[in-house]
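I opened the notebook to look up a handful of local features.

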Amino acid sequence: MAQWPSGVTVVTTLVDGVRHGMTASSFSSVSLDPPLISVCLDRRLYSHELIARGGVFGVNVLAKDQAEVARRFAGMVPGLEVEDRFDGESWTTAATGVSLLDSALGWLDCRVVHEYPGGDHTIFVGEVLAGHAARRTAPLLFHSRGWGQFADVLPDVATLADSGLVAALRRQQHPEDGVLRTARDVAASGVRVRVLDLTDHVGDPVAVPEPLAAGATALVATRVQLERALALDLDAVEIAVDAARPGAVQETLSIIEGVADRVAIVLDDAFAPHRTEAVLAAVVAFSDARVREIGMADSNGAATPLQVRAVLQDAVGLARPVPLRACLGDRDRLGLVKALTALKSGVHHFDTTLAGLDGTVATEDLVRLLGELDVDSPADGGQLGRVADDLRLAIATRSDVTVGAHDLAAGQATTDPVVGAAG
């Protein structure tokens with residue numbers, strides 16, 4: 001039986017005004033209508049008699065970061081008295097008065113409606129009087145007498161979009177024919193390309209070369225710009241949102257009303273710890289609106305792999321069924337580490353830039369990483385590598401360009417030619 005993995009709960013009860021609790025994995029759903037659940041408790045346990053006497057119990061489902069809570073209520077913390085197990089946690093009550101753990105994944109408040117003999121255990125069936133799903137993260141698991149969590153599983157397929165190439169080349173005053181030629185080559189390799197930033201246009205005509213339109217996007221900020229972009233038959237329209245600015249999410253929802261499925265949202269500075277609550281709330285709001293996708297931008301490249309993982313482990317679940325797209329900076333050459341972290345956190349879609357021109361992960365580098373991990377991608381890695389090499393050569397041979405790709409993003413001058421992330 002130790003080879004059967006299960007979730008972990010803390011079962012609580014109340015007798016004569018005194019609260020009690022124990023860790024249990026023998027919890028199961030019994031019925032949805034009426035809502036019934038069961039817990040199986042050893043008849044020799046003190047908690048067994050308490051639930052039988054009190055006739056009420058709560059089930060608190062523990063999250064992956066609550067192994068210490070599980071150990072405490074299992075009596076595995078030496079010197080800790082039973083009545084002290086509740087200390088240090090925030091608890092609430094609902095219908096029955098039993099203690100319910102605020103930080104749990106969720107809880108169920110129950111009254112006992114049936115007791116069945118089960119060998120040395122009793123099967124307590126409880127009618128659910130109240131319930132709450134408080135968190136969206138991975139659960140704590142119990143297997144082979146040890147605590148754990150779900151293993152990271154890499155996706156089968158990952159897609160790429162280049163959101164920075166065209167803008168970076170235009171900032172460098174690269175010849176326009178060279179900008180469009182490079183954009184076409186990247187699009188032809190299977191990577192979506194942002195070709196327009198309509199936030200910089202004030203009513204002037206815009207157009208997208210025919211070979212690019214089917215695999216291109218435009219960045220907009222207003223409803224008028226959105227409608228202009230939609231008229232171009234682009235693959236998607238992007239809107240950048242500062243989730244921490246009061247009213248920004250509602251403003252954006254008004255802008256995209258009726259066409260949300262054509263819009264890709266990009267949440268700025270999505271991995272900064274002080275913005276996490278606002279970012280996750282925005283993920284929920286845009287998922288409810290059924291936008292095409294939600295981008296999580298590492299705007300300054302300052303996010304650490306641990307910060308990326310902490311945000312994405314919650315955001316991926318909150319966004320479903322809308323896919324998340326990660327745009328990760330390559331500061332200190334940690335971009336691919338963050339990309340691997342995102343892959344293991346359930347992200348299948350990425351924003352990159354050819355040759356890492358704007359300081360984000362280089363498109364060709366990520367394609368190479370995906371190949372090494374046996375993750376399929378529509379992108380042609382060989383073609384992207386050749387396009388990136390041609391671009392580096394073109395930039396390096398221009399006498400007025402002496403700024404390195406990563407130094408460009410940081411605003412630092414250098415005497416080295418552009419070599420890109422893979423150079």
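These are my entries on the chain, which is a predicted model.

**Entry: Arg-325**

I began with Arg-325, which sits in strand 19, residues 324-327. Is Arg-325 buried or exposed? Its relative accessibility is 7%, so I logged Arg-325 as buried, the cut-off being under 20%. I then listed what Arg-325 touches, leaving out residues up to four places away in sequence. The contacts include Thr-159, Leu-160 and Ala-161, as well as Arg-192 and Glu-293. Also among them are Ile-294, Gly-295, Met-296, His-349, Phe-350 and Asp-351. I also looked up Ala-264, 61 residues from Arg-325 along the chain. The C-alpha atoms of Arg-325 and Ala-264 are 9.2 Å apart.

**Entry: helix 10**

Next I took helix 10, residues 335-344. Which residues of helix 10 are buried? I noted Gly-335, Lys-338, Ala-339, Thr-341, Ala-342 and Leu-343. These buried residues pack against helix 9 (305-319), strand 19, strand 20 (349-352) and helix 11. Just after helix 10, I found Gly-346 with a positive phi of about 105 degrees.

**Entry: Thr-96**

I found Thr-96 in the loop between strand 7 (91-92) and strand 8 (100-101). Thr-96 counts as buried because its relative accessibility is 18%, and the limit is under 20%. Beyond residues up to four places away in sequence, Thr-96 touches Val-56, Asp-109, Cys-110 and Leu-129. Cys-110 is 14 residues from Thr-96 along the chain, with 7.1 Å between their C-alpha atoms.

**Entry: cis peptide bonds**

I checked omega at two prolines. Asp-33 and Pro-34 are joined by a cis peptide bond, with omega about 5 degrees. Pro-34 is in the loop between strand 4 (27-32) and strand 5 (35-42). The bond from Arg-320 to Pro-321 is cis, with omega near 5 degrees. I placed Pro-321 in the loop between helix 9 and strand 19.

**Entry: positive phi outside glycine**

Asp-16 is not a glycine, yet I read a positive phi of about 55 degrees. Asp-16 belongs to the loop between strand 2 (9-15) and strand 3 (18-24). At 71% relative accessibility, I logged Asp-16 as exposed. Gln-173, also not a glycine, has a positive phi of about 60 degrees. I located Gln-173 in the loop between helix 3 (165-171) and helix 4 (176-188). Gln-173 is exposed, at 63% relative accessible area.

**Entry: a charged patch**

Which residues form the negative surface patch? I listed Asp-156, Glu-372, Asp-374 and Asp-376. Glu-372 lies in helix 11, residues 363-372. With 65% relative accessibility, Glu-372 counts as exposed.

Terms used
Residues numbered from 1 in each chain as written. Predicted model: local features only at pLDDT ≥ 70, side-chain atom pairs only at ≥ 80, totals over all residues. Heavy atoms only, no water. Patch = residues over 30% accessible without salt bridge, like charges linked within 9 Å, V, L, I, M, F, W, Y side chains within 5 Å. Areas by Shrake-Rupley, 256 points an atom, 1.4 Å probe, with all protein chains shown as cover. Salt bridge = Lys/Arg side-chain N within 4 Å of Asp/Glu carboxyl O. Lys, Arg positive; Asp, Glu negative; His and termini not counted. Charge placed at Lys NZ, Arg CZ, Asp CG, Glu CD. Helix = DSSP H or I, 4+ residues; strand = E, 2+ residues; numbered from the N terminus. Buried < 20%, exposed > 50% of the residue type's maximum accessible area, 1.4 Å probe, protein only. Contact = heavy atoms within 4.5 Å.
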